Amino acid sequence: MRFINIGFGNMVASSRVVSIVSPESAPIKRLITDARDDGRVIDVTCGRRTRAVIITDSDHVILSAIQTETIAGRLTDISAEDDVDVEDEE
């Protein structure tokens, strides 16, 4: 299992990430509000501004202070490493 650093020493399993989105749009703001009401929000911003919203396969919504592009890049790096590992095994 591979993990992605989402800021301030917090990690999320890369295999559980469904999407990484910006928190600026109205639908995402509604999604956050609904998830907060249901107790499915994990806020790892440490009091800073939310810059990325990570949606997991368990319908949890993770709020991060790290830019969406940065987290996506880390996820891409992990998947690239996995591709190299698969090629080495063949």
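**Stop 1: the start of the chain**

Select Met1, which lies in the segment before β1 (3–7); helices (H or I, at least four residues) and strands (E, at least two) are DSSP runs, numbered from the N terminus. The model is predicted, so local features need pLDDT of at least 70 and side-chain atom pairs count only at pLDDT 80 or more, whereas totals for chains, interfaces and linings use all residues. Residues are numbered from 1 along each chain as its sequence is written, and side-chain values use heavy atoms, with hydrogens and water left out.

Met1 counts as exposed because its relative accessibility is 76%; buried means under 20% relative accessible area, exposed over 50%, and partly exposed in between (1.4 Å probe, protein chains only).

**Stop 2: the salt bridges**

Side chains of opposite charge can pair when their charged atoms come close. How many salt bridges does a search of the whole structure find? The search finds four, a salt bridge being a side-chain nitrogen of Lys or Arg within 4 Å of a carboxyl oxygen of Asp or Glu.

Select Arg2 and Glu81, whose side chains meet in a salt bridge at 2.8 Å, N to O. This pair links distant parts of the chain, 79 residues apart: Arg2 is in the segment before β1, and Glu81 is in helix α2 (residues 68–89). Arg2 is partly exposed, at 30% relative accessibility, and Glu81 is also partly exposed, with a relative accessible area of 41%.

Next, select Asp57 and Arg16, which form a salt bridge with their closest N and O atoms 2.6 Å apart. Asp57 lies in the loop between β5 and β6 and Arg16 in the loop between β2 (10–13) and β3 (17–21), so the pair ties together parts that are 41 residues apart in sequence.

Then select Asp38 and Arg40, another salt bridge, with the closest N and O atoms 3.5 Å apart. Asp38 counts as exposed, at 54% relative accessibility, whereas Arg40 is partly exposed, with a relative accessible area of 23%.

**Stop 3**

Select residues 61–64, which make up strand β6. Both faces of this strand are covered: Val61 and Leu63 on one side and Ile62 and Ser64 on the other are all buried.

Which strands pair with β6? Strand β4 (residues 41–43) runs parallel to β6 and is joined to it by three bridges, while strand β5 (residues 52–56) runs antiparallel and is joined by four. Two strands pair if DSSP finds at least two bridges between them. Asp43 has Leu63 as its bridge partner in β6, and Ile54 has Ile62.

Move to the hairpin of β5 and β6, where four residues separate the strands and Asp59 takes a positive phi near 65°. Thr56, in strand β5, counts as buried at 7% relative accessibility. Beyond its neighbours within four places in sequence, Thr56 is in contact (heavy atoms within 4.5 Å) with Arg16, Val18 and Ile62.

**Stop 3: the interior**

Select Ile4, Ile6, Val12, Val17, Ile20, Val44, Ala52, Ile54, Ile62, Ile71 and Ile78, the eleven residues of the largest nonpolar core. Two or more residues of this core come from each of β1, β3, β5 and α2. Apart from it lies another core, of seven residues, including Ile28, Ala35, Ile55 and Leu63. A nonpolar core is a set of buried Ala, Val, Leu, Ile, Met, Phe, Trp, Tyr and Cys residues joined through side-chain atoms within 4.5 Å.

**Stop 4: helix α1**

Finish at Ile32 in helix α1 (residues 26–38). Is Ile32 buried or exposed? Ile32 counts as buried, at 10% relative accessibility. Its contacts, leaving aside neighbours within four places in sequence, are Val41, Val53, Val61 and Leu63. Ile32 and Val61 are 29 residues apart in sequence, and their C-alpha atoms are 6.9 Å apart in space.
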